[in-house]
Amino acid sequence: QIQLVESGGGLVQPGGSLRLSCVASGSISEIHAMGWYRQSPGKQRELVAFGRGSGPINYAESVRGRFTLSRDHAKNTAYLQMNNLKPEDTAVYYCNADISGVSTWNSYWGQGTQVTVSS
C-alpha cells in the first residue's frame, strides 16, 4: 500500500518561514510527479507547486518567489520551503504524487497539514 505522510505545518507569524515535508512509502516503483496543493475554508483546493519528472516546476502566481518545491529522490520525499508567509497562506496543505506501484499507476494524496499565519 502506497501512502503519503506530510509534516511541518504549524503556527507562524507573518513574514516567517516553514518547511513542509512529504514522504512517500510503500511498494513504489517510480514517482512520476510530486507537489503541493492547499485548501482554505470555503474555498476550492488549489495548486501551490507541482513538478513532473525533470520538467519545470509549476508555481501558483501567489506564491512565486516565496515558496520553493524540492525533492530528494533517494528518500521519496518532497519539500515545500515557504518564506515570507502571509495570512492569506493560511490553509491545509496537501501533498499529491503520481506513483507507479507493482502493477498500478495512481494519484495519491496525503492527509494534510495545517499552516496558520497569524500575529
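The stops below cover a sheet, a core and some salt bridges.

Before you click, know that this is a predicted model, where local features need pLDDT of at least 70, side-chain atom pairs count only at pLDDT 80 or more, and totals for chains, interfaces and linings use all residues. Residues are numbered from 1 along each chain as its sequence is written, and side-chain values use heavy atoms, leaving out hydrogens and water.

**Stop 1: the sheet**

Strands here are DSSP runs of E with at least two residues, numbered from the N terminus. Select S1, S3, S8 and S7: in that order they make an open sheet of four strands with antiparallel pairing. (Two strands pair if DSSP finds at least two bridges between them.) Strand S1 (3-7) and S7 stand at the edges with a single partner strand each, so one side of each has no neighbour in the sheet. Now zoom in on S7 and S8, which run antiparallel and are joined by six bridges. What stands opposite Phe 67? That's Met 82, in S8.

**Stop 2: the core**

Next, select Leu 4, Met 34, Trp 36, Leu 80, Met 82 and Tyr 93. Of the 29 residues in the largest nonpolar core, these touch the most other members. Such a core is a set of buried Ala, Val, Leu, Ile, Met, Phe, Trp, Tyr and Cys residues joined through side-chain atoms within 4.5 Å. Buried means under 20% relative accessible area, exposed over 50%, and partly exposed in between, using a 1.4 Å probe and protein chains only. Elements giving two or more residues to this core include strand S4 (30-39), strand S8 (77-82) and strand S9 (91-100). S9 gives the most, with five residues.

**Stop 3: the salt bridges**

A salt bridge is a side-chain nitrogen of Lys or Arg within 4 Å of a carboxyl oxygen of Asp or Glu, and the count comes to five. Click on Arg 38, which is buried at 6% relative accessible area. Arg 38 bridges to Glu 46, with the closest N and O atoms 2.7 Å apart; Glu 46 is partly exposed at 35%. Arg 38 also meets Asp 89 in a salt bridge (3.0 Å, N to O). Asp 89 sits in the loop between S8 and S9 and Arg 38 in strand S4, so this pair ties together parts 51 residues apart in sequence.

Finally, pick Arg 52 and Asp 98, another salt bridge, with closest N and O atoms 2.7 Å apart.
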